[in-house]
Amino acid sequence: MVTNKKLGLNKKYLSVVMCDLIKSREAANATELSEKFNKVVAKINFEKKKEVVSPLTITLGDEFQGITKSLKTSFLIGNAVKLNLLLKGIKSRMVIGQVYLDTKINTKEAWNMMGTGLPEARSLLNNKSDLNEYKFSMFSKTSSDRLIAKLLNSIGLSLSSTEAQWTEKQLLYISELTFDSEITVKDLAKKMKVSVSSIYAVLEAGDYNLYKQQIAIICETLNYLEGNNEFTL
């Protein structure tokens, strides 16, 4: 086992979250795009600083990677980044992967580390032709685990499709409910100065219940995979 008591780690595997911006080279204002990207990464790093091992680090102008303690954490961080970017009109794709680090954990930035799983995740991220914006890269020796990974990627494609159809208002309302788990529809209605029924109407039109259910089943599945002893190198 690889143990790091200072970090509260006592596990063989960690998780990586990688993200890059879609069609960033076609941006009308590269400087403005970079500033928005940097602000979102800084915001999520601040909000999630207790949940990461190596903070989200911009490795290229339009990409970042970070290391966390669990697949679920990486996924939720990736989802938060993705929705924050969408609110700024920026589309992105992400990869969640299981990694086994061969080098010392860099707690200051997710850089200068090597290990099994990082190249695999990077390869998925670099596949620009795949329309799926939520990809999962896992270690697996069993057919059942390989099937689960395929199912996760299928759900990811569904999330991508749902987000692509959201109106600005649907994105705003759904992101508010996603970012703060304690906020209620009633709270949101009060904040937006609209009726509760109008909030529900917007959420229904944006397939919020399906979206929320898919997020939940992905989290549950990722927890299962990490607890499955067969899911190893």
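**Values against cut-offs**

Biologist: Why does Asn112 count as exposed?

Modeller: Its relative accessibility is 63%. Exposed means over 50% relative accessible area, buried under 20%, and partly exposed in between (1.4 Å probe, protein chains only). So 63% puts Asn112 in the exposed class. This is a predicted model, where local features need pLDDT of at least 70, side-chain atom pairs count only at pLDDT 80 or more, and totals for chains, interfaces and linings use all residues. Residues are numbered from 1 along each chain as its sequence is written, and side-chain values use heavy atoms, with hydrogens and water left out.

Biologist: What makes the phi of Asn112 worth a mention?

Modeller: Phi is near 60° there, a positive value in a residue other than glycine. Most residues other than glycine have a negative phi. Asn112 sits in the loop between strand 6 (92-101) and strand 7 (115-116). Lys193 also has a positive phi, about 60°, without being a glycine. Lys193 belongs to the loop between helix 6 (185-192) and helix 7 (196-205) and is exposed, at 77% relative accessible area.

Biologist: How do you know what to call a helix or a strand?

Modeller: They're DSSP runs numbered from the N terminus: H or I over at least four residues for helices, E over at least two for strands. The chain has eight helices and eight strands.

Biologist: Lys82 is in helix 2. Is it buried or exposed, and how do you know?

Modeller: Relative accessibility is 1%, so Lys82 is buried. Lys82 touches Ser92, Glu133, Tyr134 and Glu163, leaving aside residues up to four places away in sequence; a contact means heavy atoms within 4.5 Å.

Biologist: What makes a set of residues a nonpolar core?

Modeller: Its members are buried Ala, Val, Leu, Ile, Met, Phe, Trp, Tyr and Cys residues, joined through side-chain atoms within 4.5 Å. The largest one here has 48 residues, and Phe75, Val81, Phe136 and Leu222 touch the most other members. Helix 2 (residues 71-87) gives the largest share of this core, eight residues. Another core, of 14 residues, lies apart from it, with Leu14, Leu101, Ile105 and Met113 among its members.

Biologist: How many aromatic pairs are there in the whole structure?

Modeller: A search turns up four. Rings of Phe, Tyr and Trp (its six-membered ring) pair if their centres lie within 6.5 Å; planes under 30 degrees apart are stacked, over 60 edge-to-face, and the rest tilted.

Biologist: Why is the pair of Phe75 and Phe136 called tilted?

Modeller: The centres are 6.0 Å apart, so the rings pair, and the planes stand at 40°, so neither the stacked nor the edge-to-face class applies. Phe75 is in helix 2 and Phe136 in strand 8 (residues 134-137), so this pair ties together parts 61 residues apart in sequence. Phe75 is buried at 0%, and Phe136 is buried at 3%.
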